[in-house]
Amino acid sequence: MRLLVVEDEPDLNRLLKKRLEEAHYSVDACLSGTDALDYLRGAEYDALVLDVMLPGISGLEVLRRLRGAGNGTPVLLLTARDGIEDRVTGLDAGADDYLVKPFAFDELLARLRVLLRRAGGHTSDVLSVADLVVDCTARTVQRGGVPVALSAREFDILEYLIRNKGMVLSRDKISRHVWNYDYEGGSNVVDVYIRYLRKKLDEGHTPRLIHTVRGAGYVLREEV
Ligand code: CA
């Protein structure tokens, strides 16, 4: 899952990126509202962590423009302790949640999980299709009750597929949600990982769950 972090305080910005990457998110991070709007024009994010107090274009203005453009990406605002008005304005402007600085990192992670769950229409981080069970928090996978070991990248792609199960996802879309701007592998790499995933998850099992839709991409679903 790919996140955009917008925070103008350099130390906190670096720390957020580092900790979120340790939690296996792909993260782009920027320091201003102007940069945030650029990033948002160029990529698709699964959620935004958006500081309210930014120089120039404020976090609230970024949020307003985002929602004004019909973009419903979940937004978690970071606000100051005395920023009650910002919180209310932010929620009214379409923010999904907020955290008051300073915050505990575990709480940030928990709130992000809620946002991502809600955005996908899920009530749990344990998702399944047929006898495939994926625990997105513990990052474990089972097929037919047997644990399957996946690499970090394989898991990232499987997580994206199962969070969007039944939807056909293009290679481009998959790579844009799984990797951040620092990654230069391109969308062909997706094919390679899909091959690995099929070998580990589908070979020797019925039904097959990872399907190629010619000219369109891949879909995870149970079908005959
Ligand atoms: Ca700030």
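Where does Pro102 lie? Pro102 is in the loop between strand 5 (97-100) and helix 5 (105-119); helices (H or I, at least four residues) and strands (E, at least two) are DSSP runs, numbered from the N terminus.

## Model and conventions

This is a predicted model, in which local features need pLDDT of at least 70 and side-chain atom pairs count only at pLDDT 80 or more, while totals for chains, interfaces and linings use all residues. Residues are numbered from 1 along each chain as its sequence is written, and side-chain values use heavy atoms, with hydrogens and water left out.

## Calcium site

Asp8 (OD), Asp51 (OD) and Met53 (O) coordinate the calcium ion at 2.1 to 2.3 Å. Donors are N, O and S atoms within 2.8 Å of the metal (3.2 Å for Na, K and Ca); water is not among the atoms, so sites may look incomplete. Along the chain, the spacing of the donors is D-x42-D-x1-M.

Asp51 is buried, with a relative accessible area of 3%, whereas Asp8 is partly exposed at 28% relative accessibility. Here buried means under 20% relative accessible area, exposed over 50%, and partly exposed in between (1.4 Å probe, protein chains only).

An open sheet has four strands in the order 6-7-8-9, paired antiparallel. Two strands pair if DSSP finds at least two bridges between them. Strand 6 (126-129) and strand 9 (146-148) are at the edges and have a single partner strand each, so one side of each has no neighbour in the sheet. From one strand to the next, the twist averages 25°. Axes are lines fitted to C-alpha atoms, for helices over the stretch in contact, and angles run from 0 to 180 degrees between N-to-C directions.

Three bridges join strand 8 (residues 140-143) and strand 9 in the antiparallel sense. Val141 has Val148 in strand 9 as its bridge partner. Helix 6 (residues 152-163) packs on the sheet and touches strand 6, strand 7 (132-135) and strand 8, with its direction at about 110° to that of strand 7. Contact means heavy atoms within 4.5 Å. Helix 8 (residues 188-202) lies across strand 7, strand 8 and strand 9, and runs at about 55° to strand 8.

## Backbone geometry

The peptide bond from Lys101 to Pro102 is cis, with omega near -5°. Another cis peptide bond, with omega about -10°, joins Thr206 and Pro207. Pro207 is in the loop between helix 8 and strand 10 (210-213).

His24, which is not a glycine, has a positive phi near 75°. This residue is in the loop between helix 1 and strand 2 (26-30). Arg139 also has a positive phi, of about 55°, and is in the loop between strand 7 and strand 8. His24 is partly exposed at 38% relative accessibility; Arg139 is buried at 19%.

## Nonpolar cores

A nonpolar core is a set of buried Ala, Val, Leu, Ile, Met, Phe, Trp, Tyr and Cys residues joined through side-chain atoms within 4.5 Å. The largest has 47 residues, of which Leu20 and Leu108 touch the most other members. This core lies between domain 1 (2-120) and domain 2 (126-220), because both give residues to it. The domain bounds come from an automatic or database domain assignment.

Leaving aside residues up to four places away in sequence, Leu108 touches Leu16, Leu20, Val49, Leu76, Leu99 and Phe103.
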